Amino acid sequence: MSTNRAAFLIFTGLMVGIGAIFSIFGEWEKVETASKVVAPVETELVSRSHRVQGDVKEFKNTDLKVSFLGDAGCVNCHVQETESFRKHPMGRSMCKITDFAALPKKEPFVAGNFRYSVETKDKAVIHIEEEIDSSGKVLKKIEKPISLVIGSGTRGNSFLTEKAGFLHQSPISWYTSLEKYDLAPSYQSKNLHFGRQIQEACLFCHSNRPETNHDNSIVLHGLTIGCERCHGPGELHAKEQKLVNGYDPTIVNPAKLSNSRKDDVCYQCHLQLEAREEAPGKSLTDFRPGQDIETFITRNKIPIGDPLARFKAVSHVFQMEESRCYIASEGKMSCTSCHNPHDYRNDKDRLAEAIKKCNSCHADKGCSLPMPTRLVKSPADDCIACHMPKRNTVDIGHTPLTDHSIKRLTSAYQTMKQDVQPKQAP
Ligand code: HEC
Ligand code: HEC
Ligand code: HEC
Ligand code: HEC
Ligand code: HEC
Ligand code: HEC
Ligand code: HEC
């Protein structure tokens, strides 16, 4: 499961920066020639029309006047939920370098005319860039102390330097599956050295509540993604807890939200930047759980009918929306059908849990491929391996993601070992 996962963070470089555009096309070409799939390009985002609002509940903490408490305001009353969330990669999305578990020591690596190394002195971590000539002689040396780390490390980490609220990305990233440092994502095509300033958009998805000052410096209200990003501000709830008609109107429990509003909580960060614009006069930072996110953003048309174009990093939303399961179950399927941020198990158990979720809807009308054939190809009858295989993303090669479009026939199935006639029982 974790094989190649680190390469995943390569996409992050594509989120900002113009250099990224070139690598998108570079990789695109490779994927296209490698794949034999030819499909008509649909440019309409058809899936939006399948969002179902359903029974909408009113919450008092969607009012912008209600204050945030930070995670410290929840932990005393919700010890269990706090612990379970910290086990999820989202509950470990960002930290100070001093709270970061030390990575194994590695040899320097060379990229073009530059040599990169990482040094640890006591608790300090220094990233070093040396410009070298062909004989290996050092022409110039830059040393930068690292302050912050992005990423749980499930796939990898980006490292940031900080000076008076100005954050810059290090050209050195950690790739978990390769177990090594290498150039930061997209820096192969355009090395930005220590010069890329980190903007709010990046931290809106990776940290709790970033805020940009007039001078473009950034204040971080909480590092790791916090409780209130999914539950809304807690000021009223901490003062009084009361269930009214089965729910507490002072705090949002996503499990009790109707249909698409549940997903909107996740869409804050799981909907690709390219897939949306802020609506005129609106800011996504004003979105509160319980609201309709499409009041704050307009969805861009994504060519979702094109199996190549749609398969990019952070593309789970429109893959799911495109699936027959999502469309035909008319609002019953959401991200939380299969993912609970408070229940993160090991790879094997997560898979077993996901298969249970398939069967919860497919108990009556299940797989049409006869069981003996399925078992030959997949002894564990692994629905995911055949219908949700991992594939490389198209914006960056070698960057596998789980295909959430849940197709009948996938290339993974087609390349599985040939059917053999099951042995007759004696
Ligand atoms: C003073 C103790 C206290 C604090 C502080 C507190 N909670 Fe609660 N919370 C409760 C109690 C008691 C309940 C169960 C009764 C209820 O839902 O009203 C609850 C229920 C909830 C629910 C479920 C509501 C539902 O409708 O099912 C959520 C979600 C929740 N809390 C999240 C939070 C978050 C997030 C914070 C921090 C911003 C927080 N709580 C702070 C005591 C607290
Ligand atoms: C639209 C939200 C969004 C933006 C913007 C974004 N990311 Fe991400 N990032 C994600 C999500 C979601 C994942 C999880 C994998 C996925 O869905 O593709 C992720 C994964 C990562 C990972 C791997 C973490 C791990 O260990 O699993 C790193 C590192 C990372 N991003 C860094 C960055 C950096 C640095 C930036 C800004 C320069 C950035 N990302 C911009 C949403 C975003
Ligand atoms: C990424 C989104 C997300 C974050 C962040 C998050 N939660 Fe939750 N939380 C959920 C979802 C989704 C549910 C509903 C789970 C279910 O029952 O399906 C939930 C449920 C809850 C409940 C209700 C549990 C119950 O038994 O009904 C409480 C209380 C709660 N969360 C507290 C917290 C606290 C405290 C934090 C911060 C440490 C936190 N949550 C962070 C998404 C989140
Ligand atoms: C504040 C932004 C934000 C919100 C809101 C959010 N996510 Fe995430 N999510 C992320 C980021 C960033 C990552 C990558 C974390 C990492 O590995 O460092 C991630 C990772 C994940 C993963 C991958 C876990 C793994 O195995 O690596 C799942 C599943 C997920 N989120 C589901 C959800 C669901 C479901 C919701 C809504 C209830 C949600 N997220 C809401 C930002 C967010
Ligand atoms: C919320 C309920 C729900 C869940 C969960 C669910 N499905 Fe479905 N799925 C459906 C419905 C409804 C259909 C449409 C059935 C029909 O057309 O008769 C469907 C259709 C399908 C199809 C046919 C797709 C096509 O294009 O014809 C496949 C394959 C499939 N599901 C596999 C899965 C797998 C594998 C999982 C677990 C990862 C899963 N489903 C989880 C409801 C669900
Ligand atoms: C039908 C079940 C199902 C639904 C619905 C679903 N997922 Fe997943 N998701 C999976 C499975 C299975 C995996 C791979 C196993 C794992 O990592 O837990 C996965 C993995 C992920 C990952 C880790 C990176 C990757 O691609 O392997 C992220 C992030 C994620 N899902 C986000 C989402 C978001 C956001 C939604 C809603 C738009 C969503 N998922 C809806 C089943 C589902
Ligand atoms: C070895 C690969 C494999 C495994 C394992 C597998 N499937 Fe399938 N499934 C297929 C193929 C191939 C088809 C298309 C067969 C056809 O065209 O009739 C299919 C068809 C389906 C359909 C469409 C049924 C219809 O009537 O149109 C559903 C739903 C489905 N599978 C669900 C599942 C679920 C749920 C699981 C796990 C319990 C599962 N599959 C396991 C390969 C697999």
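Visitor: How do you know which contacts in the protein join residues at least 24 apart in sequence?

Guide: This is a predicted model, and a contact requires C-beta atoms within 7 Å. Taking the contacts between residues at least 6 apart in sequence, 62% join residues at least 24 apart.

Visitor: What makes a residue of the protein count as buried, and what percentage of the residues do?

Guide: A buried residue has 20 or more other C-beta atoms within 10 Å of its own. Of the 426 residues, 30% count as buried.

Visitor: Why are E3 and E4 said to pair?

Guide: Pairing takes at least two bridges between two strands. Strand E3 (residues 114-121) and strand E4 (residues 124-132) have eight bridges, so they pair, in the antiparallel sense. In one of these bridges, Arg115 has Glu130 in E4 as its partner.

Visitor: What makes E2 and E5 edge strands?

Guide: The open sheet has four strands, ordered E2-E3-E4-E5, with antiparallel pairing. Strand E2 (109-111) and strand E5 (138-145) each pair on one side only, so they are the edge strands. On average, neighbouring strands of this sheet are turned by 25° against each other, direction ignored.

Visitor: What makes a residue part of the surroundings of ligand 7, and how many residues are there?

Guide: A residue belongs there if its C-beta atom lies within 6 Å of the ligand. Ligand 7 is surrounded by 20 residues, the closest being Cys367, Ser368, Lys377, Cys383 and Cys386.

Visitor: Which helix gives the most to the shell around ligand 7?

Guide: H11 does, with four residues. Helix H11 (347-362), helix H12 (371-377) and helix H13 (383-387) each supply at least two. By class, the shell has eight nonpolar, six polar and six charged residues.

Technical notes: Residues numbered from 1 in each chain as written. Chains lettered and ligands numbered in written order. Predicted model: local features only at pLDDT ≥ 70, side-chain atom pairs only at ≥ 80, totals over all residues. Nonpolar A, V, L, I, M, F, W, Y, C, P; charged D, E, K, R; others polar. Axes fitted to C-alpha atoms, helices over the stretch in contact; angles between N-to-C directions. Buried ≥ 20, exposed ≤ 12 C-beta atoms within 10 Å, placed from the backbone. Contact = placed C-beta atoms within 7 Å.
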